[in-house]
Amino acid sequence: MPQATETAISRESIAAVEPVIRPHIRRTPVVELNGSDVGLDPVPLTLKLELLQHSGSFKVRGAFANLLLRQIPSAGVVAASGGNHGAAVAYAAMRLRVPAGIFVPTVSSPAKVKR
C-alpha cells in the first residue's frame with residue numbers, strides 16, 4: 001500500500017492512491033454540455049458531478065486517503081470545519097470506524113451542524 005508523503009502531486013501518485021480509496025468512494029458521472037446551455041459563451045464544458053459523492057463533495061477522496069495511508073493514533077482524528085471538509089472526515093471516519101471529533105463553528109447553519 002502506498003504511504004502518504006510530503007511530495008508534489010503527480011499522475012503517478014494519484015494512480016497509486018486510487019486503488020486504495022476505490023472501495024470507499026463512488027464513481028461519479030461526467031457530463032458534457034455546451035456553455036450556451038447554462039448562459040455562458042458557446043464553449044464545450046465538462047462537469048464531474050462530485051456533489052453525488054459520499055458526503056456531497058470531492059473532499060471525501062482526500063479524507064479516505066489520509067485515514068488509509070497514515071498511522072492513526074488510537075485517540076482518532078480531529079477536524080475543524082463547518083463545511084465539506086468536516087463532513088468528509090466525519091463520513092470517512094465513521095465508515096472506517098476511526099474515532100473522530102469534528103469542531104464546527106458556532107456560526108454554522110443548523111443543516112451543516114447536523115450533517
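Predicted model: local features only at pLDDT ≥ 70, side-chain atom pairs only at ≥ 80, totals over all residues.
Me: Let's start with helix 2. Which of its residues are buried?

Reply: A residue counts as buried under 20% relative accessible area, as exposed over 50%, and as partly exposed in between (1.4 Å probe, protein chains only). Helices (H or I, at least four residues) and strands (E, at least two) are DSSP runs, numbered from the N terminus. In helix 2, the buried residues are Val60, Ala63, Phe64, Ala65, Leu67 and Leu69.

Me: What do those buried residues pack against?

Reply: Contact means heavy atoms within 4.5 Å. The buried residues of helix 2 pack against helix 1 (11-21), strand 3 (77-80) and helix 3.

Me: How do I read the angle between helix 1 and helix 2?

Reply: Axes are lines fitted to C-alpha atoms, for helices over the stretch in contact, and angles run from 0 to 180 degrees between N-to-C directions. Angles under 35 degrees count as roughly parallel, over 145 as roughly antiparallel, 65 to 115 as roughly perpendicular and the rest as oblique. Here the axes of helix 1 and helix 2 cross at roughly 85 degrees and come within 10 Å, so the two helices are roughly perpendicular to each other.

Me: Which residues meet there, and how do they divide by class?

Reply: Val17, Val20 and Ile21 of helix 1 meet Arg61, Phe64, Ala65, Leu68 and Leu69 of helix 2. For classes, Ala, Val, Leu, Ile, Met, Phe, Trp, Tyr, Cys and Pro count as nonpolar, Asp, Glu, Lys and Arg as charged, and the others, Gly among them, as polar. This contact has seven nonpolar, no polar and one charged residue.

Me: And how does helix 2 pack with helix 3?

Reply: Their axes are 8 Å apart, at an angle of about 45 degrees, which makes helix 2 oblique to helix 3. A crossing is left-handed if the near helix is turned anticlockwise from the far one by less than a right angle, and right-handed if clockwise. Helix 2 passes helix 3 in a right-handed crossing. On the helix 2 side, the contact residues include Lys59, Val60 and Phe64, and on the helix 3 side they include Asn84, Ala88 and Tyr91. By class, this contact has 11 nonpolar, two polar and two charged residues.

Me: How many aromatic pairs does a search of the whole structure find?

Reply: Rings of Phe, Tyr and Trp (its six-membered ring) pair if their centres lie within 6.5 Å; planes under 30 degrees apart count as stacked, over 60 as edge-to-face and the rest as tilted. The search finds one pair. Phenylalanine 64 and tyrosine 91 have ring centres 6.1 Å apart and planes at 85 degrees, so the pair is edge-to-face. It links distant parts of the chain, with phenylalanine 64 in helix 2 (residues 59-69) and tyrosine 91 in helix 3 (residues 84-96), 27 residues apart.

Me: Are these two residues buried or exposed?

Reply: Phenylalanine 64 is buried, with a relative accessible area of 1%, and tyrosine 91 is buried too, at 15%.

Me: Which residues have a positive phi although they are not glycine?

Reply: Most residues other than glycine have a negative phi. Two cases to look at here are serine 55, with a positive phi of about 70 degrees, and arginine 97, with one of about 60 degrees. Serine 55 lies in the loop between strand 2 and helix 2. Arginine 97 is in the loop between helix 3 and strand 4 (100-103) and is exposed, with a relative accessible area of 77%.

Me: What does leucine 52 touch?

Reply: Not counting residues up to four places away in sequence, leucine 52 touches Arg26, Thr28 and Pro29. Leucine 52 and threonine 28 are 24 residues apart in sequence and 6.4 Å apart in space, C-alpha to C-alpha. Leucine 52 is in the loop between strand 2 and helix 2, and counts as partly exposed at 42% relative accessibility.

Notes: Residues numbered from 1 in each chain as written. Heavy atoms only, no water.
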